[in-house]
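Open the model in your viewer and keep the sequence panel beside it. This tour goes stop by stop: what to select, then what is there.

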Amino acid sequence: MKKYISPVVCGFAAGVLQVVPLIKSFSCCLILPAAAFFALLLDQKATKSTERIQMSKALLFGLYTGLTAAFFGTIFEIMITFITRQNDIIIAFPEMQRMVEGFPLSPEIKNEVMSIFQTVRKELMDTGFSWIYTISILFNNFFINSVFGIIGGLIGAQIINSKNKSSEV
């Protein structure tokens, strides 16, 4: 576990940033890859190593960073929604209705989708918690954060390896 402390630290930081209102728009494409990069950088600084980072290690660090960010980001999102009884679904509900109406689907499917959204919205406004919302945000975060964490780890390893190679020459 000690050798994976930097992905946990950077993943926690990314998970916290995922719930900050203006910053969370950039969480998947900027924050998570940067967190995986910093996890690799922190590991190299902690071990005082200038060795070439293996792609398998970069992949694992990116995956662990993404999973940690997903775990903490989901917990923080659920806690904030529970306390405030507000989130993006409640705020953007009118736009979601217009969007679903524009889908080329049968009226029965549109009605079913809107019924699910209305149920989730009502549960969130009344109690601050919805199982459907919790499960969907959990799966979404675990998938998206893992993918972008891996991408960030692989790109970060390439950057660090090229930097280490140029400093050796």
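Contact here means heavy atoms within 4.5 Å. Helices (H or I, at least four residues) and strands (E, at least two) are DSSP runs, numbered from the N terminus. The model is predicted: local features need pLDDT of at least 70, side-chain atom pairs count only at pLDDT 80 or more, and totals for chains, interfaces and linings use all residues. Residues are numbered from 1 along each chain as its sequence is written, and side-chain values use heavy atoms, with hydrogens and water left out.

**Stop 1: H2 against H3**

Select residues 27–47, helix H2, and residues 55–84, helix H3. Which residues meet between H2 and H3? From H2 come Leu32, Ala35, Ala36, Ala39, Leu40 and Asp43. From H3 come Lys57, Ala58, Phe61, Gly62, Thr65, Gly66 and Ala69. By class, this contact of H2 with H3 holds 8 nonpolar, 3 polar and 2 charged residues. Ala, Val, Leu, Ile, Met, Phe, Trp, Tyr, Cys and Pro count as nonpolar; Asp, Glu, Lys and Arg as charged; the others, Gly among them, as polar.

Now look at the geometry. Two packed helices are described by the angle between their axes and the distance between the axes. H2 and H3 pack at an angle of about 125°, with their axes 9 Å apart. That makes H2 oblique to H3. Angles under 35 degrees count as roughly parallel, over 145 as roughly antiparallel, 65 to 115 as roughly perpendicular and the rest as oblique. Axes are lines fitted to C-alpha atoms, for helices over the stretch in contact, and angles run from 0 to 180 degrees between N-to-C directions.

**Stop 2: serine 6**

Go to helix H1 (residues 5–17) and pick serine 6. Is serine 6 buried or exposed? Serine 6 is buried, at 7% relative accessibility. Buried means under 20% relative accessible area, exposed over 50%, partly exposed in between (1.4 Å probe, protein chains only). Show residues around serine 6: not counting those up to four places away in sequence, it touches Ala39, Leu42, Asp43 and Phe61. The side chain of serine 6 also reaches the backbone oxygen of alanine 39 at 2.9 Å.

**Stop 3: threonine 74**

Return to H3 and select threonine 74. Threonine 74 counts as buried, with 3% relative accessibility. Which side chain does threonine 74 join in a polar contact? That of asparagine 141, at 2.9 Å. A polar contact is a pair of N or O atoms within 3.5 Å; within protein, one must be able to donate a hydrogen and the other to accept it, and residues adjacent in sequence count only if both atoms are side-chain atoms. Leaving aside neighbours within four places in sequence, threonine 74 is in contact with Ala69, Ile137, Leu138 and Asn141.

**Stop 4: two positive phi values**

Select lysine 48, in the loop between H2 and H3. Lysine 48 is not a glycine, yet its phi is positive, at about 50°. Its relative accessible area is 74%, so lysine 48 is exposed.

Next, select arginine 85, in the loop between H3 and helix H4 (88–91). Arginine 85 is a residue other than glycine too, and its phi is near 55°, a positive value. At 32% relative accessibility, arginine 85 is partly exposed.

**Stop 5: threonine 127**

Threonine 127 lies in the loop between helix H6 (107–126) and helix H7 (131–168). Leaving aside neighbours within four places in sequence, threonine 127 is in contact with Phe82 and Arg85. Threonine 127 is partly exposed, at 41% relative accessibility. Its side chain reaches the backbone oxygen of glutamate 123 at 2.8 Å. The backbone oxygen of phenylalanine 129 lies 3.0 Å from a polar atom of the threonine 127 side chain.

**Stop 6: H5 against H6**

Last, select helix H5 (residues 93–101) together with H6. How do H5 and H6 pack? Their angle is about 170°, and their axes are 10 Å apart. H5 and H6 are therefore roughly antiparallel to each other. Phe93, Met96, Gln97, Val100 and Glu101 in H5 meet H6 residues Lys110, Val113, Met114, Phe117, Gln118 and Arg121. The classes in this contact of H5 with H6 are 6 nonpolar, 2 polar and 3 charged.

Zoom in on phenylalanine 117 in H6. Phenylalanine 117 touches Phe93, Met96 and Val100, not counting residues up to four places away in sequence. At 23% relative accessibility, phenylalanine 117 is partly exposed. Draw a distance from its C-alpha atom to that of glutamine 97, 20 residues apart along the chain: 8.9 Å.
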